[in-house]
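User: I'm new to protein structures, so please take me through this one step by step.

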Amino acid sequence: MGFRGLGFSVLFMLLVSPARGAAQTQAGGMGGMATGSQGAAVYDAQHRPITAGGFVKNGPIIFQDIAKQAGLTSWRHKAGTPAKKLILEAKGPGVCLIDYDNDGWLDIYLVNGSTYDALEGKETPPHAALFHNNHDGTFTDVTAKAGVANDRWGYGCAVADFNNDGWPDLYVTNYGQNRLYRNNHDGTFTDVAEKAGVTVGGWSAGATFGDYDGDGNLDLFVDGYVHLDLANAPYSGSKAVGYAFCQYRGASVMCGPRGLQGEHDHLFHNNGDGTFTDVSKKLGVDDPNGYYGLDALFADVNNDGKPDLLVANDSTPNYLYINKGNGTFEDDSYLSGFALNESGREVANMGLAVGDYENNGHLDVVSTTFSDDYTVLFKNDGQGNFTDVSYRAGIAVPTIPFVSFGDGFLDYDNDGWKDLLIINGHVYPQVDQHPEWGMSYAQRPLLFHNDKNGEFSLVPAVENTGLAVVSVGRGAAFGDLFNDGKIDVVINNMDGVPILLRNVNPDHHHWVEMKLIGGPKSPRDAVGTTVYLTANGMRQREDVLSGGSYLSSNDFRPHFGLGDATNAGTAEIHWPDGVKETLKLPAVDRIYTIIEGKGIVGAMCNGKACPDLPAHGAAAGK
């Protein structure tokens, strides 16, 4: 991050290998050397940094932050100290949407960090939070009862039904041992990570579930960030960093990730009996380079029905592992164009958004980055080959001043075209002491509207609305929290309370959603399923994915905007086991429950069961 491709501590290119020794000296102070150019400061009419300004008085109102009314602000995130002297304090937190009690309403899990005193047992650690959806716009903290407090230094989470019992489970990544919370079907969870063999240890960041070998059981990939020993912590000027002083634009800041040792990645094969086997090295996906892994996602990028594996690496090249269909992967990171941006540089990759923004059946990818660089939009040719079209698409220039983390494709106005929301927040509190930099620690989100021609337009941030809320944003999860057919967003913030962006866009467009249940040869929660909906003169694509955004997990239910069309169209469902089904959807504005091989077995209207639904929908084309 930092200057182009440099990661968190831009001037901390320690070059600490034995051959290079300590950091080089830059004119005027100790530090390393930066690459790329420093971006010009951008201010609004009131001379506020554009990252915390640029608001307008009138315009479309898309989101409102209702976190306080919803009862979420009774909880807050905490990580280390406000000074952020260690990189450990600047990463995370993620957020997961999980219907843990199977009542048809999404609940919210918020990951928390910790403190050094808590790690040493000197104080009670901060706890994560599970908020139960009360179906009335409010949420209740049920963490203690559910047993998911995670009294460790947490970073990310991922949702999946790893044991195919019909109930969603939860994986939480930590500095230290990770947790696998198995759903007990009664509102409680049990941590089975040790028994399952997936604790990892070290510093884990992103996690994603996917059935890479097609045996019907969801496997687990966990990437590692930085190898950090608190007994020899990499403070600026310390022995751990070769006595280098880590700086950003001349100001003293935390060190890393560049110059620090990276953690390796892990792929765990699901044995189908509640245990996993680490097959990372065997399959060549263990990150022998020691890159700084942040987000990761299983997704089928070459349309062969097999989940491929994408890894966003901070300040180092991305990984793309193509699934060969025989239980192995091929590293296509560079050949595919996914490793680097169009300038041939690695950038500070953080979050991953995956979606078909052109409605051509191809999964495109957005990777968020640090300031002085742009968020990268990788356009997919449908065969897993990517082209950086960020400038062409109109998202590059507006994102350059921002430090971006969570991201997601969402059709916020239900017109049938995927828009893009990016969550921002700096990592250096010191930027607020330097107004001449044109930056802020707390930053506003960026919403891009899909112009239906391969380009996006920045939606203005109207004062006193959700897009004008500034925070030190990190993870974000996207989903229909109120079962009204509109996609909302939950944001987990560094050292702050959550944000709940309720979608209040005034459109009256129609929509459909689908809760999918896999058959006996597919994962029960349908992770890895691809759905094509032909309606309103277009063909859209949605995929059921575990993980994504930044250290987070989204609503599993595919959502399709229909514009003004009153015909819900036809869904073509490609299940993970290779079965394909075609279903005519009876009506718009409904959340259909679809079981593989059985068709439509239920539907929700206005948050309740639809009274007029036939017992089963028609299924064809198996």
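User: Let's start with a cysteine: is Cys255 buried or exposed?

Analyst: First, this is a predicted model: local features need pLDDT of at least 70, side-chain atom pairs count only at pLDDT 80 or more, and totals for chains, interfaces and linings use all residues. Residues are numbered from 1 along each chain as its sequence is written, and side-chain values use heavy atoms, with hydrogens and water left out. Buried means under 20% relative accessible area, exposed means over 50%, and partly exposed is in between (1.4 Å probe, protein chains only). Cys255 has a relative accessible area of 0%, so Cys255 is buried.

User: Which residue does a disulfide join to Cys255?

Analyst: A disulfide is a covalent bond between the sulfur atoms of two cysteines. Here a pair counts if the sulfur atoms are within 2.5 Å. The S to S distance for Cys255 is 1.9 Å, and the partner is Cys246.

User: What is the handedness of that Cys246 and Cys255 disulfide?

Analyst: Look at the torsion about the S-S bond, which is about 95°. Cys246 is buried too, with a relative accessible area of 1%. With that torsion, the disulfide of Cys246 and Cys255 is right-handed.

User: What pairing do the bonded cysteines show in sequence order?

Analyst: The count comes to three disulfides. Besides the pairs above, Cys605 and Cys610 form one, with sulfur atoms 1.9 Å apart. Numbered in sequence order along the protein chain, the bonded cysteines pair 1-2, 3-4, 5-6.

User: On to the rings: what kind of aromatic pair do Tyr175 and Trp203 form?

Analyst: Rings of Phe, Tyr and Trp (its six-membered ring) pair if their centres lie within 6.5 Å; planes under 30 degrees apart are stacked, over 60 edge-to-face, and the rest tilted. There are 22 aromatic pairs by this rule. Tyr175 and Trp203 are 6.3 Å centre to centre with 85° between the planes, which makes the pair edge-to-face.

User: How many residues apart in sequence are the parts that Tyr175 and Trp203 tie together?

Analyst: Tyr175 lies in strand S9 (residues 169–177) and Trp203 in strand S12 (residues 200–210). Both are buried, Tyr175 at 16% and Trp203 at 1% relative accessible area. The pair ties together parts whose separation in sequence is 28 residues.

User: Which residues have the most contacts inside the largest nonpolar core?

Analyst: A nonpolar core is a set of buried Ala, Val, Leu, Ile, Met, Phe, Trp, Tyr and Cys residues joined through side-chain atoms within 4.5 Å. The largest one has 59 residues. Its largest share, four residues, comes from strand S8 (residues 153–160). The residues with the most contacts inside this core are Tyr109 and Leu180.

User: What distance separates the C-alpha atoms of Tyr550 and Asp295?

Analyst: Tyr550 lies in the loop between strand S35 (538–543) and strand S36 (559–563), and at 0% relative accessibility Tyr550 counts as buried. Asp295 is 255 residues away along the chain. Still, their C-alpha atoms are separated by 5.8 Å.

Conventions. Helices (H or I, at least four residues) and strands (E, at least two) are DSSP runs, numbered from the N terminus.
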